Amino acid sequence: MIRVAILGAAHPHVSYALDEVAARENCTLVAVAEPDPDMQAAHLSDIGDTPRYDSPAALLAAHQVDVALVAGVYSRRGAAVIAALEAGAHVVADKPLCTSLDELDRIEELAAAEHRHVSVVFEKRFYPATLALRDLLDAGTLGEPALMASTGPHKLNLPSRPAWFLDRSTYGGIAGDLPVHDIDLALMLSGATSGTVSAVTGNARAADHPQFDDHVAVLLQAGDLTATIEANWLAPQAADVHGHYRMRLAATDGTAELDWAYDSVTVTTHDEPRRQVDLPPGLRPAAYFFDAVAAGHEPEITTAQSLLATRVALLAQDSADHDGVPRPW
């Protein structure tokens with residue numbers, strides 16, 4: 001039996017763990033740690049009499065845990081991941097994994113020393129459009145990726161945002177948060193393990209949230225792939241989707257355009273005109289992780305990949321904090 005605990009419940013992505021526990025006979029939820037009653041009510045209303053604790057430390061002292069899902073206030077996540085690793089648990093995390101490079105270095109050390117997996121749920125990998133793109137690349141239809149341009153607008157939903165989210169000290173910075181999904185995709189597509197990243201952030205609605213940057217632009221050089229990634233909290237509130245996420249990938253033999261919000265992929269190559277491709281079904285975001293733990297092998301989103309994408313995102317934030325100076329990784 002895989003004993004699962006939730007360390008922090010500040011986001012609906014707590015469902016990553018709850019959905020897997022509900023879907024699997026070999027998983028059980030042993031306890032949750034979340035001090036805020038509003039967050040408990042919002043995200044942990046269906047856990048019955050599962051024991052609740054005010055801190056990860058108290059939970060881990062009372063229970064043996066195999067897998068810890070980390071999804072709390074962003075600035076607390078690094079400490080929760082470290083505590084879980086020190087207790088001998090594997091970690092599956094919502095993004096951002098942590099908000100500082102020092103925390104990330106410690107997480108990397110502990111994961112290696114304890115021989116435990118740390119995997120960030122980059123769920124964009126498992127969307128139908130992304131799976132179709134991977135099939136196209138595997139088939140050689142597009143050739144070698146050269147340029148990637150992605151956009152990630154999000155609704156801020158300001159009246160419902162908690163105070164911690166709008167404070168840099170607890171949020172950690174937009175560059176370390178929103179672009180990390182597309183940073184992960186750029187790293188996955190390129191296979192790069194080194195490069196440079198720079199970023200610029202800004203606050204277009206400062207009167208509404210003076211301590212919170214609401215947009216970011218990232219320039220990422222990842223091996224032979226150059227990626228421009230734009231993300232923001234400026235999506236129109238009247239839009240019919242939370243965010244109209246899109247990506248264009250230009251490769252040596254063709255171009256693919258992904259529309260994640262409306263589930264479409266169009267492809268044009270040197271030999272074929274523009275066409276829309278059929279999409280496979282998507283996958284549950286964290287299924288890959290629990291499958292791997294049960295089978296005793298490395299998750300598809302590996303520790304190394306999770307740490308590298310997080311590092312690049314945090315370096316992007318550091319670049320933005322220093323006038324966009326490029327940072328090597």
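Guide: A residue is called buried when its relative accessible area is under 20%, exposed when the value is over 50%, and partly exposed in between, with a 1.4 Å probe and protein chains only. This is a predicted model, in which local features need pLDDT of at least 70 and side-chain atom pairs count only at pLDDT 80 or more, while totals for chains, interfaces and linings use all residues. Residues are numbered from 1 along each chain as its sequence is written, and side-chain values use heavy atoms, with hydrogens and water left out.

Our part is helix α8, residues 180-190; helices (H or I, at least four residues) and strands (E, at least two) are DSSP runs, numbered from the N terminus. Nine of the eleven residues of α8 are buried, so the helix is largely enclosed by the rest of the structure. Among those buried residues are Val180, His181, Asp182 and Ile183, and also Leu189 towards the end of the list. They pack against the helices α6 (128-138) and α10 (303-321) and against the strands β7 (145-153), β9 (215-222), β10 (225-232) and β11 (246-251), where contact means heavy atoms within 4.5 Å. After α8 comes Gly191, with a positive phi near 70°.

β9 pairs with β10 in the antiparallel sense over eight bridges, two strands counting as paired if DSSP finds at least two bridges between them.
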